[in-house]
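I opened the notebook to look at one protein chain. The entries below follow the order in which I looked things up.

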Amino acid sequence: MAATIPTSEPTTLTAGDSWQWNRTYGDYPASDGWALSYALTGAHESVITISATDASGVWQVRVAASDTKDYSPGPYRLVGYVSDGTDRHIVYSAPLTVLPDPATAVPDEGHNERMLRAIRCVLEGRIPADAEAYQIAGRSINRIPVKELVQLEAVYAERVRRERGGSFLQPVKVRFGPAA
């Protein structure tokens, strides 16, 4: 089944997808020499120009997935304008968000995940007899005690678990039976 093509400009698009919409501007038909184009400005380094083609009085906008795959995700402004070679008129202007290509996007690691990873790296690099403070040639070096790192790890692990949708309360397993 073919996808339904929208009949108005989008507010959100995804990089790496094919973009398409149809639009009618009755006051500016191609039969009178008008051409419809869009300028996409914002997160990308330069202005992206998108041209529409006339299909019996309906402007068709088509952008290939191979073109959108390199578009930077982020906020843009989409401005539609018509021109007849002499005159130009803006017919559309609104914000547009380009979402990252889900096939190539790297998940955004938040503060809690970065801290948890850093704490675990420190803990994994330590051995049980590791000194927490020492002096070499008159310079002192202090490290966070392992006990405090373990406590911080638990705090950040809980925060990460909650961010990922885990519940605050953990189930506790209890077994009832005769005392031993």
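**Entry 1: Ser56**

I looked up Ser56 and found that Ser56 is exposed, at a relative accessible area of 77%. Here exposed means over 50% relative accessible area, buried under 20%, and partly exposed in between, with a 1.4 Å probe and protein chains only. Ser56 sits in the loop between S4 and S5. I noted its phi near 55°, a positive value in a residue other than glycine.

**Entry 2: What I am reading**

This is a predicted model, in which local features need pLDDT of at least 70 and side-chain atom pairs count only at pLDDT 80 or more, while totals for chains, interfaces and linings use all residues. Residues are numbered from 1 along each chain as its sequence is written, and side-chain values use heavy atoms, with hydrogens and water left out.

**Entry 3: The whole chain**

I listed three helices and nine strands in the protein chain. These are DSSP runs numbered from the N terminus: helices are H or I with at least four residues, strands are E with at least two. From the N terminus the order is β-β-β-β-β-α-β-β-α-β-β-α. Of the 180 residues in the protein chain, 26% are buried. I also looked up contacts (heavy atoms within 4.5 Å). Among those between residues at least 6 apart in sequence, 58% join residues at least 24 apart.

**Entry 4: Cores**

Which residues have the most contacts inside the largest nonpolar core? I found Trp19 and Tyr38, in a core of 24 residues. A nonpolar core is a set of buried Ala, Val, Leu, Ile, Met, Phe, Trp, Tyr and Cys residues joined through side-chain atoms within 4.5 Å. Strands S2 (19–23), S3 (35–42), S4 (48–55), S5 (58–63), S6 (74–83) and S7 (88–99) each give two or more residues to this core. S7 supplies the largest share, four residues. Another core lies apart from it and has six residues, among them Ile119, Leu123, Leu149 and Tyr156.

**Entry 5: H2 and H3**

I then looked at helix H2 (residues 111–125) and helix H3 (residues 146–163), which pack at an angle of about 145° with axes 9 Å apart. The axes are lines fitted to C-alpha atoms, for helices over the stretch in contact, and angles run from 0 to 180 degrees between N-to-C directions. Residues of H2 including Ile119 and Leu123 meet residues of H3 including Leu149 and Tyr156.
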